[in-house]
Amino acid sequence: MLFQEIVICGCGNPLFADDGFGPEVVEELKKISLPETVKVIDAGLGGPHFIFTLLDQSEEPVKKIIIIDIADFGGNPGEITLLTPYDLPPGKYRDAHSWDLAEPLHRLKDKIDITIIGCQPKRVTAPDLEIGLSDEVASAIPRTVQLVLKLLEEHYGTTIADIREEGEEAGRGKTTTTGCSS
């Protein structure tokens, strides 16, 4: 099955410093045993446009999409926030190839629950290459993983709550989602 009930997409390009945030969070999420109805995807750079378009055309019963990406919302570097497609004016959310990502999200928003977790970047170096996240954005990864688990907990209840507790006991989730706004 191409998609599951819940799809988590990490967007971005690790060649442009903090733009690699989404794929880094996905790598951490892949280390966690999530329910089989959750699909975690590194949507990479050009992939998001195609993935969101495929979801729009999918006959699979996708109920929720969680998108993880950098977003310049005027916060402090490493601060995370929750956004919806309504927060993205059409034509304003574009990837590095200037593809309009808001358009497929706006088409999907009426049939799939969409949550966007945005992290305020410190630096995005495109078109210059720089591998590695800033310290501020790297420190947002554990908080973002915990936020994803909290969003899944709302859907799955105690199953994910148990996973969150195990992660906190192992030291992965000692940070909080402080700095997260709606």
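Tutor: Contact here means heavy atoms within 4.5 Å of each other, and by that rule Pro61 touches Gln4 and Glu5, not counting residues up to four places away in sequence. This is a predicted model, in which local features need pLDDT of at least 70 and side-chain atom pairs count only at pLDDT 80 or more, while totals for chains, interfaces and linings use all residues. Residues are numbered from 1 along each chain as its sequence is written, and side-chain values use heavy atoms, with hydrogens and water left out.

Student: Why is Pro61 called exposed?

Tutor: A residue is buried under 20% relative accessible area, exposed over 50% and partly exposed in between, with a 1.4 Å probe and protein chains only. Pro61 has 57% relative accessibility, which is over 50%, and therefore counts as exposed. Its place is in the loop between α2 (47-57) and β3. Pro61 and Ile112 are 51 residues apart in sequence, with 9.1 Å between their C-alpha atoms.

Student: How do you know which stretches are helices and strands, and how many of each are there?

Tutor: Helices (H or I, at least four residues) and strands (E, at least two) are DSSP runs, numbered from the N terminus. By that count the protein chain has six helices and five strands, and along the sequence they follow the pattern β-α-β-α-β-β-α-β-α-α-α.

Student: What makes β3 and β5 a pair?

Tutor: Two strands pair if DSSP finds at least two bridges between them. Strand β3 (residues 64-70) and strand β5 (residues 113-119) have seven bridges, so they meet that requirement, and they run in the parallel sense. Within this pair, Ile67 stands opposite Ile116 in β5. By the same test β1 and β2 pair over six bridges, also in the parallel sense, and there Gly10 stands opposite Asp42 in β2.

Student: Why are β2 and β4 called edge strands of the sheet?

Tutor: The five strands form an open sheet with mixed pairing, in the order β2-β1-β3-β5-β4. β2 (38-44) and β4 (80-83) each have a single partner strand, so one side of each is left without a neighbour in the sheet. On average, neighbouring strands of this sheet are turned by 20 degrees against each other, direction ignored.

Student: What makes Lys122 and Glu136 a salt bridge?

Tutor: A salt bridge is a side-chain nitrogen of Lys or Arg within 4 Å of a carboxyl oxygen of Asp or Glu. The closest N and O atoms of Lys122 and Glu136 are 3.1 Å apart, which is within 4 Å, so the pair qualifies. This pair links distant parts of the chain, with Lys122 in the loop between β5 and α4 and Glu136 in helix α4, 14 residues apart. Arg123 and Glu130 qualify as well, with closest N and O atoms 2.6 Å apart, and the structure holds five salt bridges.

Student: Why is Ser134 called buried?

Tutor: Ser134 has a relative accessible area of 2%, and since that is under 20%, Ser134 is buried. Ser134 lies in the loop between β5 and α4 (135-138). Leaving aside neighbours within four places in sequence, Ser134 is in contact with Asp18, Lys122 and Arg123. Lys122, by contrast, is partly exposed at 47%, and Arg123 is partly exposed at 32%.

Student: How do you know that Leu15 can belong to a surface patch?

Tutor: Patches are made of residues with over 30% relative accessible area and no salt bridge, where like charges are joined within 9 Å and nonpolar side chains (Val, Leu, Ile, Met, Phe, Trp, Tyr) within 5 Å. Leu15 is partly exposed at 37% relative accessibility, which is over 30%, so Leu15 passes that cut-off. Together with Leu129 and Ile131, Leu15 makes a nonpolar surface patch of about 340 Å². Leu15 lies in the loop between β1 (6-11) and α1 (21-29).

Methods:
Areas by Shrake-Rupley, 256 points an atom, 1.4 Å probe, with all protein chains shown as cover. Axes fitted to C-alpha atoms, helices over the stretch in contact; angles between N-to-C directions.
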